[in-house]
Amino acid sequence: MEVEQKAFVNGVDRTAWLTQRGVPLAVYLEASGARLDALSKADRTEAVALGLAEVDEYDIGKGMETHLMPAWTVKTIFHWQQTFPAGRELAVEHSYTPAAGHSAGTLIGAPGFTGYPEWPETRDRYCIDTAFLAGAKKAQGRLEYPPFMESRVAYVLKTGGNWAKPIGDFRMVIDKGAPENLVSFCASDVKKIGPTRFEVRKTNWTPPRDLDVLILVPIPAAE
């Protein structure tokens, strides 16, 4: 299997800009932010103008500090070569652990979050409903922001559907990982089959859309 990673901002591929300047593509690495801070003044200005970085200012007791925070999206593609003998039917099975996207926090449930430009797209992508929002608000309590990290999984169901007929027997199980986690995804006829597991079964089914799963994971309390 080969792995290909690219960095995007608003749908524009900015991989070359980052790699030419030695910036790691993984946004969660400390090295990514450190390398952005080490860029020349002109490159730092351009990174912000391109939407690759955001300026973050804070004081941790040593006076105000200014740093650049990675703001791009990494997309990872896995692919391989496959040979199919002519004139034979073959059963093909794929088994793998999907890549997950993560955020250190979440805006869902934060003050004024429904006014953020990205909210409508996020709401529709994960079919976020009032029950999900109520769970986030309950956990937030009197805190300023919801005490959650985001985990996101995207799975191709429709755009990669190159089969000739509907799926005869479809079964999907979503596991949110822990009972205290919150999960939201778009599906009908969802059945809860365990403390963390949800099942969807269909017969002769054609997926209407790709699958996107959002899981809110509580941030561990500071000791």
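Predicted model: local features only at pLDDT ≥ 70, side-chain atom pairs only at ≥ 80, totals over all residues.
Biologist: How many helices and strands are in the chain?
Modeller: The chain has 223 residues, and its C-alpha trace spans about 65 × 45 × 35 Å along the principal axes. Its secondary structure comes to five helices and twelve strands.

Biologist: What percentage of the residues is buried?
Modeller: A residue is called buried when its relative accessible area is under 20%. Applied to the 223 residues of the chain, that cut-off gives a buried share of 28%.

Biologist: What part of the accessible surface belongs to carbon and sulfur atoms?
Modeller: The accessible surface of the chain comes to about 15200 Å². The part that belongs to carbon and sulfur atoms is 53%.

Biologist: Among contacts between residues at least 6 apart in sequence, what percentage joins residues at least 24 apart?
Modeller: Contact here means heavy atoms within 4.5 Å. Of the contacts between residues at least 6 apart, the share joining residues at least 24 apart is 65%.

Biologist: Which strands stand at the edges of the four-strand open sheet?
Modeller: The strand order is 6-7-12-9, with antiparallel pairing. The twist averages 15° from one strand to the next.

Biologist: Over how many bridges do strand 7 and strand 12 pair?
Modeller: Strand 7 covers residues 148–155 and strand 12 covers residues 211–218. Val-153 has Val-213 of strand 12 as its bridge partner, and Glu-150 has Leu-216 of strand 12. The two strands pair in the antiparallel sense, and the number of bridges is eight.

Biologist: Which residue in strand 7 does Gly-101 stand opposite?
Modeller: Strand 6 pairs with strand 7 in the antiparallel sense over three bridges. In strand 7, the residue opposite Gly-101 is Arg-152.

Biologist: At about what angle does helix 5 run to strand 9?
Modeller: Helix 4 (residues 119–126) lies across strand 7, strand 9 and strand 12, and runs at about 105° to strand 12. Helix 5 (residues 130–140) also lies across strand 7, strand 9 and strand 12. The angle of helix 5 to strand 9 is about 155°.

Biologist: Which residues make the nonpolar surface patch of about 450 Å²?
Modeller: Residues count towards a patch if they have over 30% relative accessible area and no salt bridge. Phe-78, in strand 5 (residues 73–79), is partly exposed, with a relative accessible area of 41%. The patch is made by Met-1, Val-3, Phe-78 and Trp-80.

Biologist: Is Asp-189 buried or exposed?
Modeller: Asp-189 lies in the loop between strand 9 (182–185) and strand 10 (191–192). Asp-189 has a positive phi of about 55° although it is not a glycine. Most residues other than glycine have a negative phi. Exposed means over 50% relative accessible area, and because Asp-189 has 60%, it is exposed.

Biologist: What is the phi of Asn-204?
Modeller: Asn-204 is found in strand 11 (residues 197–205). With a relative accessibility of 59%, Asn-204 counts as exposed. Asn-204 is not a glycine, yet its phi is positive, at about 50°.

Technical notes
Residues numbered from 1 in each chain as written. Heavy atoms only, no water. Patch = residues over 30% accessible without salt bridge, like charges linked within 9 Å, V, L, I, M, F, W, Y side chains within 5 Å. Areas by Shrake-Rupley, 256 points an atom, 1.4 Å probe, with all protein chains shown as cover. Salt bridge = Lys/Arg side-chain N within 4 Å of Asp/Glu carboxyl O. Buried < 20%, exposed > 50% of the residue type's maximum accessible area, 1.4 Å probe, protein only. Pairing = 2+ DSSP bridges. Axes fitted to C-alpha atoms, helices over the stretch in contact; angles between N-to-C directions.
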